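Here is a friendly briefing to read with the model open beside you.

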Amino acid sequence: MNDPLKTQALSADPNRTQLGAPPVADPNKTVLGTAPTLNATVTIKPIQCPVCKTFNPAGMMFCIECGLIFDRALPEDAFGAPAVKLPCLVDQSGREYPLRPGANSIGREGDVLISDGRVSRRHAQIVMGDGGLTLEDLGSTNGTVLNGNKLQPNAAVSIKAGDKMSFGGFEMALSVPGASAATQVFQSNKTAAVDAPRLEPPAAFLVGGNLRLPLKLGINTFGRKADNDVQIPDPYVSGRHGTIEVAEDGIYLTDMGSTNGTLVNEAKLAPQQKTKITPADEIKLGGITLKLERA
């Protein structure tokens, strides 16, 4: 007989929530975490100047080498869209100097920075407007020549792709995107095949120790940084130390205001002073002694 006051054993109720044992962490079990967000990943990389090709620390607003303000540059779009291509000036070494809409001053202290003693601080200007491009000499000391014709000071003239200009003897050409000399892109978005460029043999060499540095015809920039035409690995050589111009009438050395200077036969060159050198001359750059050797 059942006693109503006696504790009765409960039968298993299939609908009743049962308390089980706590889960045991398995160290070998793969655990899915939270997916990373775009805001969590930060890519830090140096900024390369589109004018002088110097790599600048991340976050810089202007180039530490040439002073270009980066918010005026037009870089590649972050999501892969092509950069806006603007006209540019190209010197004899192939270096490009981009032009921006509006007025672009040219000179040793211009928007287009030319470190050549023959060029005035504010030598000339190119204006890019809706009607095209114009070139104007700003009363420079050594004048501006367009396609062999010397310009009158403060008189603007129209220029077009392929025009040759000389700023006090420093020669450049105008390159315009979409001109016939540019690489053609077809509707398939594939770049058309072009003939491989022919490499010209060196016109001369700088030699010293275990170094044998080739020089091409025209202007060769030299210094410690890798973006120079001639890189000289010495801590006492400035990042952009100077230029060597190989011309038909001789070879000329110019110090571009380097920190430790340039010596020719133990005589220190004045900054921006173009000096003719020969294979008999001894050139000292920092702790390196070099000599010129004709090819």
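**Loop asparagines, a cavity and some buried strand residues**

At 42% relative accessibility, Asn265 counts as partly exposed, a label for values between the buried limit (under 20% relative accessible area) and the exposed limit (over 50%), found with a 1.4 Å probe on protein chains only. Please keep in mind that this is a predicted model, where local features need pLDDT of at least 70 and side-chain atom pairs count only at pLDDT 80 or more, while totals for chains, interfaces and linings use all residues. Residues are numbered from 1 along each chain as its sequence is written, and side-chain values use heavy atoms, with hydrogens and water left out.

**Asparagines with positive phi**

- Asn265 sits in the loop between strand S20 (262-264) and strand S21 (267-268); strands here are DSSP runs of E with at least two residues, numbered from the N terminus.
- The phi angle of Asn265 is near 55°, a positive value in a residue other than glycine.
- Asn154 also has a positive phi, near 60°, and is likewise a residue other than glycine.
- You will find Asn154 in the loop between strand S10 (149-150) and strand S11 (157-159), where it counts as exposed at 53% relative accessibility.

**The cavity**

- Rolling a probe the size of a water molecule over the atoms shows where empty space is left.
- A cavity is a set of points, on a 1 Å grid over the protein atoms alone, where a 1.4 Å probe fits but cannot get out, and its lining residues have an atom within 4 Å of a point.
- Grid points are joined across faces, edges and corners, and a volume is the space filled by probe spheres set on the points.
- The count comes to one cavity of 30 Å³ or more, and the largest cavity has a volume of about 70 Å³.
- Its lining includes Asp116, Gly117, Arg118, Ile219 and Gln272.
- Strand S18 (242-247) and strand S19 (250-255) each supply at least two lining residues, and S18 gives the most, with three.
- By type, the lining of the largest cavity divides into three nonpolar, four polar and four charged residues.

**Charges over rings**

- Lys274 lies over the face of Tyr252, at 4.5 Å from the ring centre; this label asks for NZ of Lys or CZ of Arg within 6 Å of the ring centre and within 35 degrees of the ring normal.
- Both Lys274 and Tyr252 are also among the residues that line the largest cavity.
- Arg212 lies over the face of Phe205, at 4.0 Å from the ring centre.

**Buried residues in strands**

- Thr221, in strand S16 (residues 218-223), is buried, with a relative accessible area of 11%.
- Beyond residues up to four places away in sequence, Thr221 touches Asn228, Asp229, Val230, Arg240, Gly242 and Thr243, where contact means heavy atoms within 4.5 Å.
- Met128 belongs to strand S7 (residues 124-129) and is buried at a relative accessible area of 15%.
- Met128 and Pro101 are 27 residues apart in sequence, yet 5.0 Å apart in space, C-alpha to C-alpha.
- Leaving out residues up to four places away, the contacts of Met128 include Pro87, Leu99, Pro101 and Leu133.
- Gly250, in strand S19, counts as buried at 5% relative accessibility.
- Apart from neighbours within four places in sequence, Gly250 is in contact with Glu245, Lys276 and Arg294.
- Gly250 and Thr278 are 28 residues apart in sequence and 8.1 Å apart in space, C-alpha to C-alpha.

Notes
On a 1 Å grid over the protein atoms alone, a cavity is a set of points where a 1.4 Å probe fits but cannot get out, and a pocket is an open set with protein on both sides within 12 Å along at least five of seven lines; lining residues have an atom within 4 Å of a point. Helices (H or I, at least four residues) and strands (E, at least two) are DSSP runs, numbered from the N terminus. Ala, Val, Leu, Ile, Met, Phe, Trp, Tyr, Cys and Pro count as nonpolar, Asp, Glu, Lys and Arg as charged, and the others, Gly among them, as polar.
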